Amino acid sequence: MLAYLFKRILSIIPVLFVVTIVIFMIIHLTPGDPAATMLGMEATQADIQALNQQLGFDRPIYEQYIHWLGNVARGDLGESIFMHQPVADAIAEHVGPTLSLAILAQLVALILAIPFGIMAAYKRGSLIDVTFMGISLLGMAIPSFMLALFLMLIVGVQLQWLPVAGYEPLSNGFWNHIQYLILPGISLGSIQAALITRMTRSSMLETLHVNFIKTARAKGLRESSVVLKHAFRNAFLPILTVIGQTFGTLVTGAVVVESIFNIPGLGQLILNSIVRRDFAVIQGVVLIVTLIYVGINLLIDLLYGAVDPRVRLDRK
């Protein structure tokens, strides 16, 4: 187990190295001068050149990359040009809302998807199956931003059950915190719920007709025990993979929903940084999000052995 974990961590290093190159090159090769943006329209060319020299943007791009990579290796993500604070501090201030939203959206997706998928597989070809698959298809077809606008109009404006937009930190109370995340959580989790539902149904259909399920029924076990304890447990590995991938997508793809509901998360931070051409913040956010995504995939791999004893991580 430890050897497997060590190998997986080592395999992450080249991935992150390639990511740093791609991030740095794409950002620095796009048109626009951060110094000119920072100084404004009235800045002279001499002022722009002086600021570029002060920030190191006049040096060759490979020298800038090596300097930035060395700082990252020491845990220094740089300084924000516009916020005048370390990038790590800016990310720490904004990562909480994004993680809270992603966790709630994932819970919404699981609460809806797992029962729907199991029932659709168990009642294959029935009205229940057709209905649940139709709902999942609708969930995949409606963009999250459109569902967000409908929820804001109906639940927030007309019914006034929940706040339309804004954010309250968890320190202000659990309900004050969660009520601002329910609508964006539903908006963001609907597509993921549809994906998990379809995967759950597909995986359960493969498991419900294998021999050990027939044997369990022949022994007289209760149908609920056969479906949930035997079939679902053996069908859970591909579902777990999709859950991990969808959670990574929720963390990385919450930009639009955060903007609509005015949630001060990583999405809003990176959008503002792109507009301002704040290179250090953009690079830092993308790198941290990549780390989160890779870490989630590593955790899912480690959970395989706990979920299914047939998976032995210490064997080839």
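In helix 13 (residues 266-276), the buried residues are Leu 266, Gly 267, Gln 268, Leu 269, Ile 270 and Ser 273. Buried denotes under 20% relative accessible area, exposed over 50%, and partly exposed the range in between (1.4 Å probe, protein chains only). Helices (H or I, at least four residues) and strands (E, at least two) are DSSP runs numbered from the N terminus. The model is predicted: local features require pLDDT of at least 70 and side-chain atom pairs pLDDT 80 or more, whereas totals for chains, interfaces and linings use all residues. Residues are numbered from 1 along each chain as its sequence is written, and side-chain values use heavy atoms, with hydrogens and water left out.

**Overall architecture**

- The chain holds 14 helices and zero strands.
- The C-alpha trace spans about 85 × 60 × 35 Å along its principal axes.
- Of the 316 residues in the chain, 42% are buried.
- Among contacts (heavy atoms within 4.5 Å) between residues at least 6 apart in sequence, 73% join residues at least 24 apart.
- The accessible surface, computed by the Shrake-Rupley method with a 1.4 Å probe, comes to about 17,100 Å², and 67% of this area belongs to carbon and sulfur atoms.
- Directly after helix 13 comes Arg 277, which has a positive phi near 60°.

**Annotated spans**

- The unreviewed UniProt entry annotates residues 12-31, 99-122, 134-157, 177-196, 235-261 and 281-307 as "transmembrane region"; such annotations may be inferred rather than shown by experiment, and their positions are given in the numbering used here, with feature names shortened.
- Residues 99-122 are 100% helix and 0% strand, with 34 Å between the end C-alpha atoms.
- Residues 134-157 are 92% helix and 0% strand, and their end C-alpha atoms lie 28 Å apart.

**Nonpolar cores**

- A nonpolar core is a set of buried Ala, Val, Leu, Ile, Met, Phe, Trp, Tyr and Cys residues joined through side-chain atoms within 4.5 Å.
- The largest such core has 47 residues, of which Leu 101, Leu 188, Ile 196, Met 204, Phe 232, Ile 239 and Phe 261 touch the most other members.
- At least two residues of this core are supplied by each of helix 5 (87-122), helix 7, helix 9 (182-207), helix 10 (211-218), helix 11 (223-252) and helix 14 (279-307).
- Helix 11 contributes the largest share of this core, with 14 residues.
- Another core, of 16 residues, lies apart from it and includes Val 72, Leu 269, Ile 270 and Val 285.
- Leaving aside residues up to four places away in sequence, Phe 232 touches Ile 114, Ile 118, Met 204, Val 227 and Ile 239.

- Leu 151 belongs to helix 7 and is classed as buried because its relative accessible area is 15%.
- Beyond residues up to four places away in sequence, Leu 151 touches Gly 156, Leu 183, Ile 186 and Ser 187.
- The C-alpha atoms of Leu 151 and Ser 187 are 7.9 Å apart, although the two residues are separated by 36 residues along the chain.
- Phe 145 is also in helix 7, and this residue counts as partly exposed because its relative accessibility is 39%.
- Phe 145, Met 146, Leu 149, Phe 150, Leu 153, Ile 154, Val 157, Leu 159, Trp 161, Val 164 and Val 256 make a nonpolar surface patch of about 1,000 Å².
- Helix 7 (residues 144-158) supplies the largest share of that patch, seven residues.
- Patch residues have over 30% relative accessible area and no salt bridge, with nonpolar side chains (Val, Leu, Ile, Met, Phe, Trp, Tyr) joined within 5 Å and like charges within 9 Å; a salt bridge is a side-chain nitrogen of Lys or Arg within 4 Å of a carboxyl oxygen of Asp or Glu.
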